[in-house]
Amino acid sequence: MMGTFVNLNLMALYFLYGLSFFIMGTAIALQYRSYSTFRLANSINLLAVFGILFGLGEWANLFIPAKVPNLGDFPIWKLLVIQRLVLALAYFFLLAFGINLINNSIKRPIPTWYVLPTVIFLGWMILFSRFMFMTDLPQIYSWLLHSDCWSRYLLAFPGGVLTGMGLFMQIPQVKKLTDGLEPLNLWGAIVSFFLFSFVNGLVIPYEMGWLSTIFNYHTFRHFWGLPVELFRTLIAVLATWSITSLLSIFELEKQRRILESRRLEAVYRERERFARDLHDDIIQS
(Lines give C-alpha, C1' and ligand atoms only; values in the text may rest on other atoms or scores of the structure.)
Protein backbone atom coordinates (compact mmCIF):
# COMPACT_ATOMS: atom_id res chain seq x y z
CA MET A 1 0.00 0.00 0.00
CA MET A 2 2.77 2.40 0.99
CA GLY A 3 4.87 1.38 -2.01
CA THR A 4 1.98 2.06 -4.40
CA PHE A 5 1.41 5.49 -2.88
CA VAL A 6 5.09 6.35 -3.24
CA ASN A 7 5.14 5.19 -6.87
CA LEU A 8 2.22 7.45 -7.68
CA ASN A 9 4.02 10.43 -6.15
CA LEU A 10 7.56 9.94 -7.48
CA MET A 11 7.47 13.29 -9.24
CA ALA A 12 6.58 14.98 -5.96
CA LEU A 13 9.52 13.21 -4.30
CA TYR A 14 11.89 14.40 -7.04
CA PHE A 15 10.62 17.95 -6.55
CA LEU A 16 10.97 17.83 -2.75
CA TYR A 17 14.37 16.16 -3.04
CA GLY A 18 15.72 18.88 -5.29
CA LEU A 19 13.98 21.63 -3.33
CA SER A 20 15.57 20.53 -0.05
CA PHE A 21 19.12 20.78 -1.35
CA PHE A 22 18.37 23.97 -3.27
CA ILE A 23 17.09 25.59 -0.06
CA MET A 24 20.17 24.38 1.80
CA GLY A 25 22.52 25.86 -0.80
CA THR A 26 20.64 29.16 -0.95
CA ALA A 27 20.55 29.49 2.85
CA ILE A 28 24.31 28.97 3.04
CA ALA A 29 24.95 31.45 0.23
CA LEU A 30 22.89 34.14 1.97
CA GLN A 31 24.58 33.64 5.35
CA TYR A 32 26.99 36.49 6.16
CA ARG A 33 30.07 35.02 7.86
CA SER A 34 33.11 36.98 6.70
CA TYR A 35 33.95 37.77 10.34
CA SER A 36 33.86 34.14 11.43
CA THR A 37 36.91 32.29 12.74
CA PHE A 38 35.27 28.89 12.34
CA ARG A 39 37.01 26.43 10.06
CA LEU A 40 33.60 25.59 8.63
CA ALA A 41 33.24 29.16 7.31
CA ASN A 42 36.28 28.75 5.06
CA SER A 43 34.81 25.84 3.09
CA ILE A 44 31.03 26.03 3.37
CA ASN A 45 30.62 28.02 0.15
CA LEU A 46 31.51 24.80 -1.68
CA LEU A 47 28.60 23.09 0.05
CA ALA A 48 26.33 25.94 -1.07
CA VAL A 49 27.30 25.39 -4.70
CA PHE A 50 26.69 21.67 -4.29
CA GLY A 51 23.21 22.23 -2.89
CA ILE A 52 22.14 24.61 -5.66
CA LEU A 53 23.55 22.52 -8.51
CA PHE A 54 22.27 19.26 -7.10
CA GLY A 55 18.80 20.70 -6.60
CA LEU A 56 18.72 21.90 -10.21
CA GLY A 57 20.00 18.55 -11.45
CA GLU A 58 17.35 16.59 -9.58
CA TRP A 59 14.59 18.92 -10.77
CA ALA A 60 15.52 17.89 -14.30
CA ASN A 61 13.90 14.52 -13.56
CA LEU A 62 10.55 16.31 -13.50
CA PHE A 63 10.57 17.20 -17.18
CA ILE A 64 13.18 15.10 -19.00
CA PRO A 65 10.90 12.03 -19.34
CA ALA A 66 8.08 14.22 -20.67
CA LYS A 67 7.81 16.39 -23.77
CA VAL A 68 8.63 20.01 -23.12
CA PRO A 69 6.92 22.28 -25.67
CA ASN A 70 9.38 25.13 -25.17
CA LEU A 71 12.27 22.91 -26.22
CA GLY A 72 10.70 21.96 -29.55
CA ASP A 73 12.43 18.97 -31.12
CA PHE A 74 15.43 19.15 -28.82
CA PRO A 75 16.43 15.48 -28.30
CA ILE A 76 16.01 14.14 -24.80
CA TRP A 77 19.49 12.63 -24.77
CA LYS A 78 20.97 16.15 -24.93
CA LEU A 79 18.98 17.06 -21.83
CA LEU A 80 20.37 13.96 -20.16
CA VAL A 81 23.90 15.05 -21.05
CA ILE A 82 23.33 18.43 -19.39
CA GLN A 83 21.76 16.81 -16.34
CA ARG A 84 24.62 14.33 -15.93
CA LEU A 85 27.15 17.16 -16.16
CA VAL A 86 25.30 19.27 -13.59
CA LEU A 87 24.97 16.37 -11.14
CA ALA A 88 28.62 15.34 -11.56
CA LEU A 89 29.70 18.94 -11.02
CA ALA A 90 27.56 19.04 -7.86
CA TYR A 91 29.26 15.87 -6.59
CA PHE A 92 32.62 17.48 -7.39
CA PHE A 93 31.84 20.44 -5.11
CA LEU A 94 30.64 18.10 -2.36
CA LEU A 95 33.91 16.16 -2.55
CA ALA A 96 35.89 19.42 -2.59
CA PHE A 97 34.00 20.62 0.47
CA GLY A 98 34.73 17.44 2.42
CA ILE A 99 38.43 17.46 1.53
CA ASN A 100 38.85 21.19 2.27
CA LEU A 101 37.05 20.87 5.60
CA ILE A 102 39.21 17.93 6.70
CA ASN A 103 42.41 19.56 5.46
CA ASN A 104 41.60 22.76 7.35
CA SER A 105 40.90 20.76 10.52
CA ILE A 106 44.18 18.84 10.78
CA LYS A 107 47.43 20.20 12.14
CA ARG A 108 49.41 19.65 8.96
CA PRO A 109 47.26 20.14 5.84
CA ILE A 110 48.20 18.05 2.82
CA PRO A 111 48.33 20.38 -0.22
CA THR A 112 47.94 17.55 -2.74
CA TRP A 113 44.51 16.76 -1.32
CA TYR A 114 43.12 20.01 -2.71
CA VAL A 115 43.69 18.89 -6.31
CA LEU A 116 42.25 15.41 -5.77
CA PRO A 117 38.59 16.36 -6.60
CA THR A 118 39.74 18.05 -9.82
CA VAL A 119 41.75 14.99 -10.88
CA ILE A 120 38.82 12.65 -10.21
CA PHE A 121 36.35 14.94 -12.00
CA LEU A 122 38.59 15.26 -15.07
CA GLY A 123 38.97 11.48 -15.12
CA TRP A 124 35.20 11.12 -15.04
CA MET A 125 34.85 13.74 -17.81
CA ILE A 126 37.16 11.72 -20.05
CA LEU A 127 35.06 8.65 -19.36
CA PHE A 128 31.83 10.59 -19.86
CA SER A 129 32.86 12.18 -23.16
CA ARG A 130 32.88 8.83 -24.93
CA PHE A 131 29.20 9.38 -25.78
CA MET A 132 30.27 11.96 -28.39
CA PHE A 133 31.73 9.19 -30.56
CA MET A 134 28.57 7.07 -30.43
CA THR A 135 25.94 7.20 -33.15
CA ASP A 136 23.41 4.62 -31.97
CA LEU A 137 20.78 6.31 -29.75
CA PRO A 138 20.14 3.32 -27.41
CA GLN A 139 23.90 3.02 -26.95
CA ILE A 140 24.10 6.72 -26.02
CA TYR A 141 21.31 6.34 -23.45
CA SER A 142 23.03 3.28 -21.99
CA TRP A 143 26.36 5.08 -21.76
CA LEU A 144 24.84 8.16 -20.10
CA LEU A 145 23.30 5.87 -17.48
CA HIS A 146 26.62 4.07 -17.13
CA SER A 147 28.54 7.33 -16.63
CA ASP A 148 25.98 8.49 -14.06
CA CYS A 149 26.78 5.42 -11.99
CA TRP A 150 30.50 6.17 -12.22
CA SER A 151 29.96 9.75 -11.05
CA ARG A 152 28.21 8.34 -7.99
CA TYR A 153 31.02 5.90 -7.24
CA LEU A 154 33.91 8.29 -7.90
CA LEU A 155 32.48 11.58 -6.58
CA ALA A 156 29.21 11.24 -4.65
CA PHE A 157 30.21 8.34 -2.39
CA PRO A 158 33.61 9.70 -1.24
CA GLY A 159 32.15 13.21 -1.16
CA GLY A 160 29.41 12.19 1.28
CA VAL A 161 31.82 10.18 3.46
CA LEU A 162 34.46 12.92 3.64
CA THR A 163 31.84 15.59 4.29
CA GLY A 164 30.49 13.56 7.21
CA MET A 165 34.03 13.10 8.55
CA GLY A 166 34.83 16.78 8.12
CA LEU A 167 31.68 17.83 9.97
CA PHE A 168 32.50 15.35 12.73
CA MET A 169 35.88 17.03 13.20
CA GLN A 170 34.09 20.35 13.90
CA ILE A 171 32.47 19.02 17.11
CA PRO A 172 35.20 20.33 19.50
CA GLN A 173 35.06 23.84 18.06
CA VAL A 174 31.26 23.94 18.13
CA LYS A 175 31.20 22.58 21.71
CA LYS A 176 33.55 25.37 22.77
CA LEU A 177 31.14 27.98 21.44
CA THR A 178 28.03 26.26 22.82
CA ASP A 179 29.43 25.81 26.35
CA GLY A 180 30.23 22.13 25.99
CA LEU A 181 26.93 21.11 24.43
CA GLU A 182 26.85 19.00 21.28
CA PRO A 183 24.12 20.47 19.07
CA LEU A 184 21.76 18.00 17.49
CA ASN A 185 21.87 19.85 14.19
CA LEU A 186 25.58 19.07 13.79
CA TRP A 187 25.00 15.39 14.46
CA GLY A 188 22.03 15.49 12.09
CA ALA A 189 24.27 16.87 9.35
CA ILE A 190 26.93 14.23 10.03
CA VAL A 191 24.45 11.35 9.89
CA SER A 192 22.61 12.70 6.85
CA PHE A 193 25.75 12.99 4.71
CA PHE A 194 26.96 9.53 5.71
CA LEU A 195 23.55 8.20 4.67
CA PHE A 196 23.70 10.31 1.49
CA SER A 197 26.98 8.63 0.56
CA PHE A 198 25.22 5.27 0.70
CA VAL A 199 21.80 5.89 -0.87
CA ASN A 200 23.14 8.28 -3.52
CA GLY A 201 26.69 7.03 -3.98
CA LEU A 202 26.32 3.26 -3.80
CA VAL A 203 22.69 2.52 -4.66
CA ILE A 204 22.71 2.98 -8.42
CA PRO A 205 20.13 2.37 -11.17
CA TYR A 206 22.40 0.26 -13.36
CA GLU A 207 24.17 -3.08 -12.81
CA MET A 208 27.71 -2.80 -14.09
CA GLY A 209 29.82 -4.80 -11.64
CA TRP A 210 29.82 -6.99 -8.57
CA LEU A 211 29.08 -4.11 -6.18
CA SER A 212 26.13 -2.89 -8.24
CA THR A 213 24.58 -6.35 -8.15
CA ILE A 214 24.32 -5.94 -4.36
CA PHE A 215 23.39 -2.26 -4.17
CA ASN A 216 21.00 -1.09 -6.87
CA TYR A 217 17.46 0.24 -7.16
CA HIS A 218 15.94 -3.23 -7.54
CA THR A 219 17.72 -4.90 -4.60
CA PHE A 220 17.10 -1.87 -2.39
CA ARG A 221 13.39 -1.94 -3.12
CA HIS A 222 13.26 -5.72 -2.67
CA PHE A 223 14.89 -5.42 0.77
CA TRP A 224 13.00 -2.38 2.10
CA GLY A 225 9.78 -2.67 0.13
CA LEU A 226 10.05 1.03 -0.82
CA PRO A 227 11.85 2.88 -3.60
CA VAL A 228 15.18 4.53 -2.85
CA GLU A 229 13.74 7.92 -3.85
CA LEU A 230 11.73 8.03 -0.61
CA PHE A 231 14.81 7.46 1.55
CA ARG A 232 16.80 10.01 -0.44
CA THR A 233 14.10 12.62 0.08
CA LEU A 234 13.96 11.99 3.83
CA ILE A 235 17.75 12.25 4.05
CA ALA A 236 17.67 15.48 2.02
CA VAL A 237 15.12 17.01 4.40
CA LEU A 238 17.27 15.98 7.39
CA ALA A 239 20.42 17.41 5.78
CA THR A 240 18.71 20.69 4.93
CA TRP A 241 17.23 21.10 8.42
CA SER A 242 20.55 20.24 10.05
CA ILE A 243 22.73 22.52 7.92
CA THR A 244 20.36 25.50 8.00
CA SER A 245 20.05 25.12 11.78
CA LEU A 246 23.82 24.80 12.09
CA LEU A 247 24.22 28.19 10.42
CA SER A 248 22.97 29.72 13.69
CA ILE A 249 26.45 29.16 15.15
CA PHE A 250 27.69 32.04 13.00
CA GLU A 251 25.04 34.31 14.51
CA LEU A 252 25.94 33.03 17.97
CA GLU A 253 29.59 33.72 17.28
CA LYS A 254 28.67 37.24 16.15
CA GLN A 255 26.72 37.86 19.37
CA ARG A 256 29.64 36.57 21.44
CA ARG A 257 31.97 38.93 19.61
CA ILE A 258 29.64 41.88 20.23
CA LEU A 259 29.37 41.05 23.95
CA GLU A 260 33.14 40.63 24.20
CA SER A 261 33.76 43.95 22.46
CA ARG A 262 31.30 45.67 24.79
CA ARG A 263 33.01 44.10 27.81
CA LEU A 264 36.42 45.24 26.59
CA GLU A 265 35.04 48.70 25.91
CA ALA A 266 33.64 48.87 29.45
CA VAL A 267 37.00 47.76 30.88
CA TYR A 268 38.80 50.36 28.76
CA ARG A 269 36.47 53.13 29.91
CA GLU A 270 36.89 52.09 33.54
CA ARG A 271 40.65 52.14 33.20
CA GLU A 272 40.48 55.51 31.48
CA ARG A 273 38.30 56.90 34.29
CA PHE A 274 40.66 55.48 36.92
CA ALA A 275 43.69 56.98 35.17
CA ARG A 276 41.94 60.37 34.92
CA ASP A 277 40.99 60.33 38.63
CA LEU A 278 44.52 59.32 39.58
CA HIS A 279 45.92 62.12 37.45
CA ASP A 280 43.63 64.69 39.10
CA ASP A 281 44.59 63.44 42.58
CA ILE A 282 48.27 63.83 41.79
CA ILE A 283 47.75 67.39 40.53
CA GLN A 284 45.76 68.31 43.64
CA SER A 285 48.48 66.85 45.89
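**Terms and values**

Mentor: Helix H3 bends by about 35° at Asn45, the bend being the angle between axes fitted to the seven residues ending there and the seven starting there. This is a predicted model, in which local features need pLDDT of at least 70 and side-chain atom pairs count only at pLDDT 80 or more, while totals for chains, interfaces and linings use all residues. Residues are numbered from 1 along each chain as its sequence is written, and side-chain values use heavy atoms, with hydrogens and water left out.

Trainee: What makes Phe50 and Phe54 a stacked pair?
Mentor: Rings of Phe, Tyr and Trp (its six-membered ring) pair if their centres lie within 6.5 Å, and planes under 30 degrees apart count as stacked, over 60 as edge-to-face and the rest as tilted. A search of the whole structure finds 23 aromatic pairs. In the pair of Phe50 and Phe54 the centres are 5.4 Å apart and the planes lie at 25°, so the pair is stacked. Being 4 residues apart in helix H3, Phe50 and Phe54 are separated by about one helical turn. Ring pairs also link these two with Tyr17, Phe21, Tyr91, Phe193 and Phe196 into a cluster.

Trainee: Why is Phe50 called buried, and why is Phe231 called partly exposed?
Mentor: Buried means under 20% relative accessible area, exposed over 50%, and partly exposed in between (1.4 Å probe, protein chains only). Phe50 has 0% and is therefore buried, and Phe54, also with 0%, is buried. Phe231, which lies in helix H11 (residues 228–246), has 22% and therefore counts as partly exposed.

Trainee: Which residues is Phe231 in contact with?
Mentor: Contact means heavy atoms within 4.5 Å. Leaving aside neighbours within four places in sequence, Phe231 is in contact with Phe220, Trp224 and Leu226.

Trainee: Which residues touch the most other members of the largest nonpolar core?
Mentor: A nonpolar core is a set of buried Ala, Val, Leu, Ile, Met, Phe, Trp, Tyr and Cys residues joined through side-chain atoms within 4.5 Å. Of the 60 residues in the largest one, Leu40, Leu47, Phe50, Phe54, Leu167, Phe193 and Phe196 touch the most other members. Helix H4 (residues 76–105) gives the most to this core, with 14 residues.

Trainee: Why is Thr163 called buried, and what does its side chain reach?
Mentor: Thr163, in helix H6 (residues 137–168), has a relative accessible area of 0% and is therefore buried. A polar contact is a pair of N or O atoms within 3.5 Å; within protein, one must be able to donate a hydrogen and the other to accept it, and residues adjacent in sequence count only if both atoms are side-chain atoms. The side chain of Thr163 reaches the backbone oxygen of Leu94 at 3.4 Å.

Trainee: Is Gln83 buried or exposed?
Mentor: Gln83, placed in helix H4, has a relative accessible area of 3% and is therefore buried. Not counting residues up to four places away in sequence, Gln83 touches Gly57, Ala60, Asn61 and Ile64.

Methods: Helices (H or I, at least four residues) and strands (E, at least two) are DSSP runs, numbered from the N terminus.
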